[in-house]
Amino acid sequence: MQLMCKQNDQCLIDLYRQGREDALAELICRHKEKIFTSIVLLVKDQYLAEDIFQDTFIKIIDTLRTERYTEKGKFLPWAVRIAHNLCVDHFRRTKRTPVIRTQDNKDIFNVLRFTDPGAEERLITRQSHSRVQEMLDMLPEEQREVIILRHYAELSFKEIADLTQVSINTALGRMRYGLINLRKMMSEKQIVL
């Protein structure tokens, strides 16, 4: 398994196509946090996000097994695009907008684990993430979506433009105005992160 960790995404895909299930496990492990976080931030519902996350990987596995994957070297943006499209499909089916909070009123940032901080540091981090989430929720949908895809899914502006079906300049503009609005909110509410 340690050998798998050193392989790039394309090598893992090739190994999976050759029958190595552990290559797929490594690929999922490598990208699950970014993909899942992107889904949760878009749908704002932990349980729905888990369902869409599973559907995303079912679709990824199906595409890889039938050898229809053509995104050489761009697995993560491709996977996030699948997840994004499944989110859009869900909202089209239900014809509603995303809810503001998860069903159990949990903050998405509690899912993220970067280190093992102390109790005080966890409290400060939770409060900061809560403030950021509240401010993100107040942004117009287009601005929030670009910020999430850029900062949490780490997509390029070209990938964001393709995913949201707008020009790169429009994606850049939405990011710019989203950040301006976030700064304005921070200034008005005297929030320091």
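Which residue does D9 form a salt bridge with? Select R30: D9 pairs with R30, and the closest N and O atoms are 2.8 Å apart. Keep in mind as you click that you are looking at a predicted model.

**Stop 1: around D9**

Colour the helices and you'll see D9 in α2 and R30 in α3, so this pair ties together parts that are 21 residues apart in sequence. Is D9 buried or exposed? D9 counts as buried, because its relative accessibility is 17% and the cut-off for buried is under 20%. R30 comes out as partly exposed, at 27%. The structure holds eight salt bridges, and we'll visit a couple of others.

**Stop 2: along α3**

Stay on α3 and centre on H31. The helix has a kink of about 50° there. Next, pick K34 and E154, which form a salt bridge whose closest N and O atoms sit 2.7 Å apart. This one links distant parts of the chain: K34 belongs to α3, E154 to the loop between α7 and α8, and 120 residues separate them. K34 itself is partly exposed, with a relative accessible area of 29%.

**Stop 3**

Move on to K44, in the loop between α3 (21–43) and α4 (46–65). K44 follows α3 and has a positive phi, near 60°. Is this lysine, K44, buried or exposed? K44 counts as buried, since its relative accessibility is 5%. Show its side chain and look for L41: the backbone oxygen of L41 is 2.9 Å from a polar atom of the K44 side chain.

**Stop 4: the nonpolar core**

Select I35, I39, V43, I60, F75 and V80. These are the residues with the most contacts inside the largest nonpolar core, which has 52 residues. Which helices supply at least two residues each to this core? They are α2 (9–17), α3, α4, α5 (75–94), α6 (119–138), α7 (141–151), α8 (157–164) and α9 (168–188). As background, nonpolar side chains in soluble globular proteins tend to be buried together. Zoom in on I60 and show what surrounds it: leaving out residues up to four places away in sequence, I60 touches F75, W78, A79 and I82.

**Stop 5: a pair within α7**

Jump to E141 and R144. Both lie in α7, three residues apart, or about one turn of the helix. Compare the two partners: E141 is partly exposed, with a relative accessible area of 33%, while R144 is buried at 9%.

**Last stop: colour by confidence**

The protein's mean is 79, and 77% of its residues reach 70 or more. Among the elements, α4 has the highest mean pLDDT (89) and helix α1 (residues 2–5) the lowest (65). Then select residues 97–102, where pLDDT is below 50; beyond near neighbours in sequence, this stretch has 16 contacts in the model. Do likewise for residues 107–116: pLDDT stays under 50, and the model has 18 contacts for them beyond four places in sequence. How should you treat such regions? Where pLDDT is low, the predicted coordinates should not be read in detail.

Terms used:
Residues numbered from 1 in each chain as written. Predicted model: local features only at pLDDT ≥ 70, side-chain atom pairs only at ≥ 80, totals over all residues. Heavy atoms only, no water. Helix = DSSP H or I, 4+ residues; strand = E, 2+ residues; numbered from the N terminus. Buried < 20%, exposed > 50% of the residue type's maximum accessible area, 1.4 Å probe, protein only. Polar contact = N/O pair within 3.5 Å; in protein donor to acceptor, adjacent residues only side chain to side chain. Bend = angle between axes of the 7 residues up to and from the residue. Core = buried A, V, L, I, M, F, W, Y, C linked by side-chain atoms within 4.5 Å. Contact = heavy atoms within 4.5 Å. Salt bridge = Lys/Arg side-chain N within 4 Å of Asp/Glu carboxyl O. pLDDT = per-residue confidence, 0-100.
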